[in-house]
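Good morning, and thank you for coming.

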Amino acid sequence: MPSHKPITIIGGGLAGLTLGIALRQREVPVTIWEAGRYPRHRVCGEFISGQGLAVLERLGLLGSLRAAGAIEANTALFVLGRRRSSVHRLAAPALCLSRYVLDALLAETFQRLGGELRLNSRWTAPVAAGGLVCATGRRLQPAENLPRWFGVKAHVARGQALPLEADLEMHLSRHGYVGVNRIGGGEVNVCGLLRRDGAGRRPESKADWLRGDPGSRLRERLAGAEFDPESFCSVAGFSLKPQAAARREECCLGDALTLTPPVTGNGMSMAMESAAIAAEPLAAYSAGRSDWAGARLAIARDCDTAFGRRLAWARWLQWLMMSPLLHGQAGLLLLRSERLWEFLYGRTR
């Protein structure tokens, strides 16, 4: 029998590692190029919900995540300054696990299955070529087009009992939003998407950004919290504008294709889902059952079908979170609407 064509994945984040595992389970030769190393912290809500859990189950990884300390999240709460919604029940339990643990676990699994992992190795050649998959994370923008948005994350040190009212709390302000959730191992993840403005508050540090506005419930929640200094990380220069996969020359997955607004809590799931979508077309290409153009187009078409409507709703939700409508008198009614919560949660999954 002819040998299988190799697949090269550029980027060893969630999409790249999940795809690498799925391909190795199909006996496809795979090499992942990763510019960094494991374990390391990443800006992330560390909250896996929706169909991403089904992907992990099909790959046989759910048990490993639970053994590594993943815990269930069943409830969510939205807070705007001092005002709060009711505690909403998630349609299905989510899993919360630190990326510091999760990425290292996936990398170990990939290597155990025979995959080649090149750490501290940055890909510099063009990526629009046969057998190359781009899973490099967020799309960077030219300096002159940089948005005001940036992400920052830190873990509250272990052993501190924060007075959380729900498994996931989303704290909104005019500067952005900060999610707070327990992630197992006695830690709490605090991760925000925030923006600077000319007339706005000028926090003294990343920790001050995460603690929220003076007088807010978030500031109250984190009043006595100490952040693990090793867990601090931040990102900037990314775009939240949806991208159609069919318009790209490269085969892109996860955030390299399009970055879903973090307020949905669905970014980790979509990265894993995109990997699952790509696995079979890439396996067919590797085995010689299709050419590269056919495999790439199949992946692009299926990703656009799976994510197009979801991303449109996510973009609308992102606008709503920062809209004066939410921060005005109507905000309390919107925050407390159980029907609106169920509708938007379902549409973004």
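Some notes on method come first. This is a predicted model, in which local features need pLDDT of at least 70 and side-chain atom pairs count only at pLDDT 80 or more, while totals for chains, interfaces and linings use all residues. Residues are numbered from 1 along each chain as its sequence is written, and side-chain values use heavy atoms, with hydrogens and water left out.

Let us begin with the interior. In soluble globular proteins, nonpolar side chains tend to be buried together. By a nonpolar core I mean a set of buried Ala, Val, Leu, Ile, Met, Phe, Trp, Tyr and Cys residues joined through side-chain atoms within 4.5 Å. Buried means under 20% relative accessible area, exposed means over 50%, and partly exposed lies in between, with a 1.4 Å probe and protein chains only. The largest nonpolar core has 58 residues, and those with the most contacts inside it are Leu19, Leu65, Leu102, Val133 and Leu282. Which element gives this core its largest share? It is helix α7 (residues 267–286), with 11 residues. Helices (H or I, at least four residues) and strands (E, at least two) are DSSP runs, numbered from the N terminus.

Leaving aside neighbours within four places in sequence, Leu282 is in contact (heavy atoms within 4.5 Å) with Ile7, Leu19, Leu23, Val133, Trp292 and Ile299. There is also a second, separate core of 26 residues, which includes Ala94, Leu320, Met321 and Leu326.

We turn now to helix α1 (residues 14–24). Of its 11 residues, 11 are buried, so the helix is largely enclosed by the rest of the structure. Among these buried residues are Leu19, Leu23 and Arg24. What covers them? The covering elements include β1 (7–10), β2 (30–33), α2 (52–58), α4 (99–112), β8 (132–134) and α7.

The next topic is charge. Side chains of opposite charge can pair when their charged atoms come close. A salt bridge is a side-chain nitrogen of Lys or Arg within 4 Å of a carboxyl oxygen of Asp or Glu, and the structure holds 16 of them. In one of these, Glu220 pairs with Arg82, the closest N and O atoms being 3.2 Å apart. Glu220 lies in helix α6 (residues 217–221) and Arg82 in the loop between β4 (71–80) and β5 (83–84), so this pair ties together parts that are 138 residues apart in sequence. Glu220 is partly exposed, with a relative accessible area of 43%, and Arg82 is partly exposed at 43% relative accessibility.

A further salt bridge joins Arg84 and Glu165, at 3.2 Å from N to O. Arg84 is in strand β5 and Glu165 in the loop between β9 (149–156) and β10 (168–173), which places the two 81 residues apart. Arg84, Glu165, Glu169 and Arg221 are linked in a network of salt bridges.

Finally, the cysteines. How many disulfides does a search of the whole structure find? The search finds zero, a disulfide being a pair of cysteine sulfur atoms within 2.5 Å. For Cys44, the nearest cysteine sulfur is that of Cys191, 6.7 Å away, and Cys44 is buried at 9% relative accessibility. For Cys251, the nearest is that of Cys252, 7.0 Å away, and Cys251 is buried at 3% relative accessibility.

Thank you for your attention.
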